[in-house]
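I set down what I looked up, one topic at a time.

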Amino acid sequence: MLFHTNNLSVNMFDICCIGHITLDKVVTSNAAKNMPGGTSFYFSNAIRNMDIAFSLVTAVADSEKYIVDALQDKGLSIKTVPTKKTVYFENIYNENQDHRTQRVLQEADPFTVEHLVDVEAKIFHLGPLLTNDIPVEVIKFLSKKGMVSLDVQGYLRIVRNYQVYYADWRDKKEALPYIDILKANEFEMEALTGTSDIYSGTKILADHGVKEVVITLGSLGSVLYKENTFYTIPAYVPSQVTDATGCGDTYMAGYLSKKIKGGTLEESGKFAAAMSTIKIQGSGPFMGTSEEIQHVLTNNRQFFYDRLQFS
């Protein structure tokens, strides 16, 4: 059940996403567009029709409250915490959409434990966009309330003179034991582990205490790892590639929504991959239906990551 409210204190949700909404300028070979963005924006739009109890905790400046209002009009339960500025990203994609360069033109204030005392959920999905967005003490606090899922990308971003650089997460040894599910792409995994080998890097993350690892590989599919077992998930080939922004967030929305309904890792991964395929075929957030997801699962050509020699 979803509520139009900024007070979540009496509600237990299946999934709560925590992260800033951004202002995004997305530049592709076809066009340049300005739109809302960020993990919380794409994740929330993708999960809102998945028939689960979902809430969002986000932060935007007063000048961008219209973005939150539009999400609430779609039926989302949202708590908005104060920030002086809204995060402003510029994303520039190359031809195949698997890689991008970024600039950060504006940063927001971080989340605190006090912001989340009245928020209850079975799974908390964290979407930091920059390294200071969600401090480690917040992760530790949330781990006492429910499972913690993390899209690690923001912890690896360092901003200098508006340019985004990637570096290892300085607090990873302290934080990772509190993470139940960690999502990274192959480049983020390498920054965290020092290796480009997917299977070795995944095991290193598990050795740090992560219970379930999700490595997304763009058009090559994804690899999942839990309890010493790997699962290779296909990418479903899209009819066209339009805009990859938010594909990872869409993947995790599908993955967690399927998982909380009792799906296996493999079922959850395939469902998530199908949602990502639908997302990449259009601009803006995921707007697909359950029928479209099933059509992709049944009919689209599959492409598997081919390095199957586990060490």
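**Entry 1: loop residues with positive phi**

I began with E227, which lies in the loop between β14 (222-226) and β15 (229-233). I take helices (H or I, at least four residues) and strands (E, at least two) as DSSP runs, numbered from the N terminus. The model is a predicted one, in which local features need pLDDT of at least 70 and side-chain atom pairs count only at pLDDT 80 or more, while totals for chains, interfaces and linings use all residues. Residues are numbered from 1 along each chain as its sequence is written, and side-chain values use heavy atoms, with hydrogens and water left out.

E227 is not a glycine, yet I find a positive phi of about 50° for it. E227 is exposed, at a relative accessible area of 66%. I use buried for under 20% relative accessible area, exposed for over 50%, and partly exposed for values in between (1.4 Å probe, protein chains only).

I then looked up Y162, in the loop between β10 (157-160) and β11 (163-166). Y162 is also not a glycine and has a positive phi of about 75°. Its relative accessibility is 48%, so Y162 counts as partly exposed.

I asked how many of the nine residues of α1 are buried. Nine of the nine are, so α1 is largely enclosed by the rest of the structure.

The 14 residues of α8 should span 20 Å, and the end C-alpha atoms are 20 Å apart, which agrees. Eleven of the 14 residues of α8 are buried, among them C247, Y251, G254 and K259.

Helix α1 (residues 39-47) and helix α8 (residues 247-260) pack at about 45°, their axes 8 Å apart. Axes are lines fitted to C-alpha atoms, for helices over the stretch in contact, and angles run from 0 to 180 degrees between N-to-C directions. The two helices α1 and α8 are therefore oblique to each other. By the cut-offs, angles under 35 degrees are roughly parallel, over 145 roughly antiparallel, 65 to 115 roughly perpendicular, and the rest oblique.

The crossing of α1 and α8 is right-handed. A crossing is right-handed if the near helix is turned clockwise from the far one by less than a right angle, and left-handed if anticlockwise. From α1 the contact takes T39, Y42, F43, A46 and I47, and from α8 it takes D249, T250, M252, A253, L256 and S257. I use contact for heavy atoms within 4.5 Å. The residues of this contact of α1 with α8 are seven nonpolar, three polar and one charged. Here Ala, Val, Leu, Ile, Met, Phe, Trp, Tyr, Cys and Pro count as nonpolar, Asp, Glu, Lys and Arg as charged, and the others, Gly among them, as polar.

D51 sits in the loop between α1 and β4 (54-59). D51 is exposed, with a relative accessible area of 70%. Although D51 and S257 are 206 residues apart in sequence, their C-alpha atoms are 8.5 Å apart.

**Entry 2: α6 against α7**

Next I examined helix α6 (residues 186-193) and helix α7 (residues 198-207), which pack at about 55° with axes 10 Å apart. They are therefore oblique to each other. The crossing of α6 and α7 is left-handed. The contact is made by E186, M189, L192 and T193 of α6 with I198, G201, T202, I204 and L205 of α7. I sorted the residues of this contact into five nonpolar, three polar and one charged.

Helix α9 (residues 265-280) has 16 residues and reaches 22 Å between its first and last C-alpha, close to the 22 Å expected. Of the 16 residues of α9, 13 are buried, so α9 is largely enclosed by the rest of the structure.

The axes of α9 and α10 come within 9 Å and cross at roughly 105°. The helices α9 and α10 are therefore roughly perpendicular to each other. Their contact is made by K270, F271, A274, M275, T277 and I278 of α9 and E292, I293, V296 and L297 of α10.

G288 lies in the loop between α9 and α10 (290-299). Is G288 buried or exposed? G288 is buried, with a relative accessible area of 9%.

Methods:
The expected span of a helix is 1.5 Å times one less than its number of residues.
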